[in-house]
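Walk me through this structure.

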Amino acid sequence: MLHFARRLVPQAFRLRSNSCLGPRPLGTSRRYATQAINQMLQIQQMEMCADPPSRGLVVGVFADESDPNDAGILTPAGWRYNVQKTNGRLLEVLRMSGPMPKRGEARLFFAIEPERIPYYSAVAVIGLGKECLGYNPYEVLDEQKEAIRRSVAAACRVLAELDTDRIEVENCGHAESAAEGAALGIWLYQELRNPQGRIPVPSLDLYATKDEVCDIEGWRIGLQKAAAQNLTRQLQEMPSNLLTPTAFAQNVVEVLCKSGVNVEVKVEGWAESQSMHAFLAVGRASCEPPIFLELSYYGTCAEERPIVLVGQGVTYDAGGLCLKKKNELFHMRGDMTGAAVVVATCRAVAGLRLPVNIRGLIPLCENVVGCNSVRPGDMVKSMNGKTMEIECTDHEDVLVLADALLYGQNFCPKCIIDVGTCSGYMRQALDESAAGVFTNSEILWQQIKHASMHTGDRVWRFPLWKYYSKAVRSGGRSDVQNYGIGRGGRPCKAAAFLREFVPCGQWMHIDATNVMMTKGDEYEYLREGMAGRPTRTLVEFIAQTICRDTAPRLGK
């Protein structure tokens, strides 16, 4: 053995020193003294060259989370894969690996298939909880669909970290929710990174066998909804110096005109002709001119009354002369969340070809400090003639929305829905659990609540009492004030202010301030950063307005 070592070391040293002269030509391999080592290296190189692109598979298992001894039951698709492809090995190894995965958890297995080169390089088994999960009236949530989203997203994110080229996901009992979780989970904003440094994003497919009914339509709908929320996240994440009102309008034209949505870009002169003085007052301090976007989608006859969507489009909110705190300024690029939600919703409605007419109104501007900034105590007049006193320039959101709400009355709408980020106090009230809803219609509230139950992106209703209307009308110098008297109730006062500019008809205000961002630890399908909420809920709400039966049902 000593003689062999002495003879091998100089040979290895010569190989190492020769390698410094330059790279070996392709197809060559290292040569060692023993033939066995050379044969082993040759086989390894052949296998390395023969490896197909990596594929991942996601299947589910039902188990009682409170019972660590529960043996678990695979989903029908998972059971067929277990029997036909692994000869029962998948379930055997899963039970040997410990307690069954819980909701939101995924467990990876490698080389499960007996073939020398398996079709799926990795298989993720996800926890779906009990089989009897369904609508929970106390949580106002369909727990089965939410479990599918969370677990599928966790599995896809882990598989994506392994540089998996393609991920196939079984429907887990609801293909739409599986598609939403997968597409939302693997998305991340990296447009501004160097292409060589970007994280590869795998392609997604629905896993199905020949003897199984494939819900490809549900899968397609889920991908459309997830793509809409990802579009919202993309617009939110773009830095404000690159997404000015003009750049926002250009992006919207590029995104929507290909999908069949008409986009009209109206400039500052048009807003002046419409007497939108409140909207223009907010944006006059910035060197970026304000822009008003009008989106039109006709899914049915032109005589049908449209649903009007209004999105707050403050592309950056510094607070004006009432400057925000330093730690708040960094995230104010997302103050145009309402505008992004409306744009993404219009694209999703067009992609799903829903038989409904939509009119989207988006006032775009910047609220910054400048020589022409609006000052506390200034008075402006709205389109309906009411005078507004600007008590605080940091509460400009309601000023921007007010003129758009009045303009929306021109289309004789079925209902008006506005989305904005009007009060930071929503974070203290609800955290990330749900967006706030204010409405003068019980029908709209029931519809949006049912929609949020299906999507998992919940909403919660706040009061719209005369108490708050009185608080914003109590000033003696003007008709309404954008701050109002009293110390608390800021979200309710903002909604009461907006109600002054909705003279009649069904109206709903969604305050998305607290769901604009996420810490990344509440929902497995949302990474840390901008959340894109409540886009899917708004798309589902519009879809349910054309359906007869939208009431939730209790689980069996």
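The paragraphs below take up helix pairs, then backbone exceptions, then pockets and a cavity.

This is a predicted model, where local features need pLDDT of at least 70, side-chain atom pairs count only at pLDDT 80 or more, and totals for chains, interfaces and linings use all residues. Residues are numbered from 1 along each chain as its sequence is written, and side-chain values use heavy atoms, with hydrogens and water left out.

Start with helix α7 (residues 216-237) and helix α12 (residues 337-352). Their axes come within 8 Å and cross at roughly 155°. Helices (H or I, at least four residues) and strands (E, at least two) are DSSP runs, numbered from the N terminus. Axes are lines fitted to C-alpha atoms, for helices over the stretch in contact, and angles run from 0 to 180 degrees between N-to-C directions. α7 and α12 are therefore roughly antiparallel. The cut-offs are these: under 35 degrees is roughly parallel, over 145 roughly antiparallel, 65 to 115 roughly perpendicular, and the rest oblique. The crossing of α7 and α12 is right-handed. That word applies if the near helix is turned clockwise from the far one by less than a right angle; anticlockwise is left-handed.

Which residues of α7 and α12 meet? From α7 come R220, I221, Q224, A227, A228, L231, T232, L235 and Q236. They meet T337, A340, V341, V343, A344, R347, A348, G351 and L352 in α12. Contact here means heavy atoms within 4.5 Å. The residues of this contact divide into 11 nonpolar, 5 polar and 2 charged. Ala, Val, Leu, Ile, Met, Phe, Trp, Tyr, Cys and Pro count as nonpolar, Asp, Glu, Lys and Arg as charged, and the others, Gly among them, as polar.

α12 also packs on helix α18 (residues 535-544), at an angle of about 45° with the axes 9 Å apart. That angle makes α12 oblique to α18. This crossing of α12 and α18 is right-handed. V341, A344, T345, A348, V349 and L352 of α12 make the contact with T535, L538, V539 and I542 of α18. The tally is 8 nonpolar, 2 polar and no charged.

Most residues other than glycine have a negative phi, and most peptide bonds are trans. R353 has a positive phi of about 55° although it is not a glycine. The peptide bond from R533 to P534 is cis, with omega near 0°.

The α13 and α17 crossing is right-handed. V398, L399, L401, A402 and L405 in α13 meet A494, F497 and L498 in α17. The contact holds 8 nonpolar residues, no polar and no charged.

Now the empty space. Rolling a probe the size of a water molecule over the atoms shows where such space is left. On a 1 Å grid over the protein atoms alone, a cavity is a set of points where a 1.4 Å probe fits but cannot get out; a pocket is an open set with protein on both sides within 12 Å along at least five of seven lines; lining residues have an atom within 4 Å of a point. Grid points are joined across faces, edges and corners, and a volume is the space filled by probe spheres set on the points.

The largest pocket holds about 770 Å³. Its lining has 29 residues, of which K324, E328, G424, Y425 and R427 lie nearest the centre. α11 (326-329) and α14 (426-430) are the elements that give two or more residues to this lining. The lining divides into 9 nonpolar, 9 polar and 11 charged.

The second largest pocket has a volume of about 300 Å³. Of its 14 lining residues, L141, E146, R150, R458 and Y523 lie nearest the centre. Helix α5 (residues 143-161) gives the most to that lining, with 4 residues.

How many cavities of 30 Å³ or more does the structure hold? There is 1. The largest cavity is lined by G456, D457, Y523, Y525, L526, R533 and R536.
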